[in-house]
Amino acid sequence: MNDIPPLPERDLPPGRHRLLKEHLMREIRQTEAEAAREPRRRWLRPAVAGPALAGALALAVVAGIAVAGSGDGGTRTEVARDGTATYAFAPRAGADTTGGAARVLARVATVAEKKKADAGIRDDQFVYTKSLVSYATVTDGKPTVLAPLHDLEDWTSVDGTRKGRMLEPRGNPPLGLPNDPDPAPGKPGYDQSVNYRHLQTLPTDPDAMRTWLYGHTGHEGEGGRDRDQDAFVLAGDLLHGMMPPKVSAALYRAVAEIPGVVVPDAVDAAGRHGVAVARVDSYNAGERSEWIFDEKTGEYLGTRTVALESSHGVKAGQVTRTSAVIERAVVDKVGQRPS
């Protein structure tokens with residue numbers, strides 16, 4: 001019997017600084033390169049790599065998909081031959097959603113709170129996360145393509161006081177960057193940290209969690225901010241840390257009150273089909289941000305961003321950023337991988 005009943009058929013606010021550091025660095029390098037060449041070219045980053053599941057998966061896991069190579073080594077993947085979604089394309093984007101996001105999140109929360117918290121984790125250890133990621137490139141006058149799928153590894157200090165590392169050896173360009181320690185408790189920026197010790201301090205009551213989320217999104221009307229959108233993105237950022245079960249359950253129930261939709265067939269970067277809770281980006285109405293869950297177990301699989309409109313070489317339904325959680329564990333030092 002499944003942990004949750006069958007689900008219905010049919011992304012910068014605070015909290016992004018450390019998590020998006022590698023993408024900011026790539027943006028800097030890309031900007032420098034753009035100054036020396038034409039046509040203009042830009043990279044669409046993954047929202048961020050997320051928490052983790054089970055063994056490395058390759059592009060070959062996506063069977064029966066029509067694939068054509070692009071000149072720069074990227075992957076141009078359209079809808080699968082049988083008309084279903086792929087990791088790179090969402091058929092009927094904009095008309096492929098249903099209601100019931102709150103219902104889905106409530107069921108996922110029920111699964112989360114039944115899990116046991118990790119015991120015996122030491123402050124001097126690191127949370128290791130391995131994700132499979134891809135992001136699209138947009139070049140003026142040319143079709144948009146996804147970069148080849150590749151691994152992104154992250155070592156984050158359990159208590160936030162030690163330098164970790166982010167490793168993306170097949171990225172474009174390759175990256176190997178240190179994770180600087182988080183600010184000390186009480187210092188500016190600490191509240192948005194995703195180290196395990198900080199996440200342990202977050203509310204386990206849904207109402208308190210909702211208050212906490214909105215308390216870290218600024219004020220209504222400030223700089224044109226949309227607090228619902230910012231709260232949704234901040235909650236997604238928190239998912240990228242190793243969250244204690246009761247905290248993640250409270251997070252899901254808090255987000256259930258934010259307007260959203262359900263995508264019954266969403267595919268993560270590893271080719272796994274699931275159900276997604278999605279929200280149209282209020283800062284970019286042409287994009288939809290999604291959290292993808294396993295329909296049977298409620299396990300968080302990853303994220304993706306889908307274009308809802310065709311423009312500038314991007315087709316409606318095209319996935320422009322995607323990630324899949326592959327592995328997560330607590331290790332003793334930076335560079336160590338789970339056995």
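**Helix packing and aromatic pairs in the predicted model**

The axes of helix α4 (residues 206-214) and helix α6 (residues 245-255) approach each other to within 8 Å and cross at roughly 75°. Helix α4 is thus roughly perpendicular to α6. On the side of α4, the contact is made by P206, M209, R210 and L213, and on the side of α6 by V247, A250, L251, R253, A254 and V255. The residues of this contact comprise 8 nonpolar and 2 charged, with no polar ones. These values, like those that follow, were computed from a predicted model.

Helix α4 also packs against helix α5 (residues 227-238), at an angle of about 110° and with the axes 9 Å apart. Angles of 65 to 115 degrees count as roughly perpendicular, and α4 and α5 are therefore roughly perpendicular to each other. Here the contributing residues are W212, L213 and Y214 of α4, together with R227, D228, A231, L234, A235 and L238 of α5. Of the residues in the contact of α4 with α5, 7 are nonpolar and 2 are charged, while none is polar. L213 of α4 takes part in the contact with α6 and in the contact with α5.

A further arrangement involves R210 and Y214. The charged end of R210 sits over the ring of Y214, at 4.5 Å from the ring centre. R210 is listed among the residues of α4 that touch α6, whereas Y214 is listed among those of α4 that touch α5.

Aromatic pairs were then examined. Across the whole structure, 4 such pairs are found. In one of them, the ring centres of Y128 and W155 are 5.2 Å apart and the ring planes lie at 50°, so the pair is classed as tilted. Because Y128 belongs to strand β4 (residues 126-139) and W155 to strand β6 (residues 150-157), the pair ties together parts that are 27 residues apart in sequence. Both Y128 and W155 are buried.

Another aromatic pair is formed by F293 and Y300, with 5.9 Å from centre to centre and 70° between the planes, an edge-to-face arrangement. Residues count as buried when their relative accessible area is under 20%. F293 is therefore buried, at a relative accessible area of 0%, and Y300 likewise counts as buried, at 7% relative accessibility. Ring pairs link F293 and Y300 with Y252 into a cluster.

Methods: Residues are numbered from 1 along each chain as its sequence is written. This is a predicted model: local features need pLDDT of at least 70, side-chain atom pairs count only at pLDDT 80 or more; totals for chains, interfaces and linings use all residues. Side-chain values use heavy atoms; hydrogens and water are left out. Axes are lines fitted to C-alpha atoms, for helices over the stretch in contact, and angles run from 0 to 180 degrees between N-to-C directions. Helices (H or I, at least four residues) and strands (E, at least two) are DSSP runs, numbered from the N terminus. Angles under 35 degrees count as roughly parallel, over 145 as roughly antiparallel, 65 to 115 as roughly perpendicular and the rest as oblique. Contact means heavy atoms within 4.5 Å. Ala, Val, Leu, Ile, Met, Phe, Trp, Tyr, Cys and Pro count as nonpolar, Asp, Glu, Lys and Arg as charged, and the others, Gly among them, as polar. Rings of Phe, Tyr and Trp (its six-membered ring) pair if their centres lie within 6.5 Å; planes under 30 degrees apart count as stacked, over 60 as edge-to-face and the rest as tilted. Buried means under 20% relative accessible area, exposed over 50%, partly exposed in between (1.4 Å probe, protein chains only). A charge sits over a ring if NZ of Lys or CZ of Arg is within 6 Å of the ring centre and within 35 degrees of the ring normal.
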